[in-house]
Amino acid sequence: MNNNKSRTIAVNGILIALMLVMTITMLVTGGMAFLPLTVLVVGMVVTGKWTAVILGFTFGLVSLVSAFIFPSPTAPFFQNPLVSLLPRILSAILAFCIFKLSQFTISKINKKLKKPINEYVAKSISTALGAIFVVFFNTLFVLTMIWLLYNGKTLGSVFVNKEFVMGLITINFVVEIIVTPILSMPVAFAVDKFLKRNRKQVVTDKDLEGIDIVQNDENLSESKYIDGNYDNIDKD
């Protein structure tokens, strides 16, 4: 159990570090969000919901801090945690729910099929859906919060109205919703396979107890065998 906790903490630490690097890279280069979102999906699939929440929080926190460091026309919006932080956390939670719901649905469908859906295909579908919806929810919630908080107001050099908010849905969204699932599936499977392969590299106290039990059983069997031979010699 302690080994599992240590492993989870180590994996989370690596994923958080990757999220920091990917988010900073995205913000500095003015690029698209598919890299940090891919890290989020991988964490969600490999480790679970709490990792997804932590990574969503990390993504939002870096966006919040960077909005004060790197000036841009939209930076003032992301200086508000309700725009930069909350949507990323909610996106992670809901994307994880979609991922688990798709797994549950596929398992129910498999029970009714003569030839069940291949496990790899089933997990690919669930991972792809989680990735698609994390992009969708991230964009939806960010734009919704901007609309609710700033509609009809001027923030910095930007006047917020319907046209401005809709104009934020650019080619970035289209690319992200295509590229994120394409990247997430192979990376998630590779990480999951690596972790399963190396899961027993660390010997736990429970493993040592098992080794001791086996050795004691072997010594006991050997002792009985020797005693049996002596009995036979005495009889002769």
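The model is predicted. A search of the whole structure finds one salt bridge. A nonpolar patch on the surface has about 810 Å² of accessible area in total. Helix 2 is largely enclosed by the rest of the structure, because eleven of its 13 residues are buried.

**Salt bridge**

- Lys123 pairs with Asp192 in a salt bridge, and their closest N and O atoms are 3.0 Å apart.
- Lys123 sits in helix 7 (residues 119-150) and Asp192 in helix 9 (residues 171-197), so the pair ties together parts that are 69 residues apart in sequence.
- Asp192 has a relative accessible area of 11%. That value makes Asp192 buried, because the cut-off for buried is under 20%.
- Side chains of opposite charge can pair when their charged atoms come close.

**Nonpolar surface patch**

- The patch is formed by Leu20, Ile24, Val28, Phe57, Leu61, Val65, Phe68, Ile69 and Phe70.
- Helix 1 (2-29) and helix 3 (49-69) each supply at least two of the patch residues.
- Helix 3 gives the most, with five residues.
- Phe57, one of the patch residues, belongs to helix 3.
- Phe57 has 39% relative accessibility and counts as partly exposed, because partly exposed lies between under 20% for buried and over 50% for exposed.

**Helix 2**

- Helix 2 spans residues 34-46.
- At 1.5 Å a residue, its 13 residues should span 18 Å. The end C-alpha atoms are 18 Å apart, so the two values agree.
- The buried residues of helix 2 are Pro36, Leu37, Thr38, Val39, Leu40, Val41, Val42, Gly43, Met44, Val45 and Val46.
- Gly48 follows helix 2 and has a positive phi, near 130°.

**Ser63**

- Ser63 is in helix 3, the helix that gives the most residues to the nonpolar patch.
- Ser63 is buried, with a relative accessible area of 5%.
- A polar atom of the Ser63 side chain lies 3.0 Å from the backbone oxygen of Phe59.
- Neighbours within four places in sequence aside, Ser63 is in contact with Thr23, Leu27, Phe78, Ser84 and Arg88.

How values were computed: Residues numbered from 1 in each chain as written. Predicted model: local features only at pLDDT ≥ 70, side-chain atom pairs only at ≥ 80, totals over all residues. Heavy atoms only, no water. Salt bridge = Lys/Arg side-chain N within 4 Å of Asp/Glu carboxyl O. Helix = DSSP H or I, 4+ residues; strand = E, 2+ residues; numbered from the N terminus. Buried < 20%, exposed > 50% of the residue type's maximum accessible area, 1.4 Å probe, protein only. Patch = residues over 30% accessible without salt bridge, like charges linked within 9 Å, V, L, I, M, F, W, Y side chains within 5 Å. Areas by Shrake-Rupley, 256 points an atom, 1.4 Å probe, with all protein chains shown as cover. Expected span 1.5 Å × (residues − 1). Polar contact = N/O pair within 3.5 Å; in protein donor to acceptor, adjacent residues only side chain to side chain. Contact = heavy atoms within 4.5 Å.
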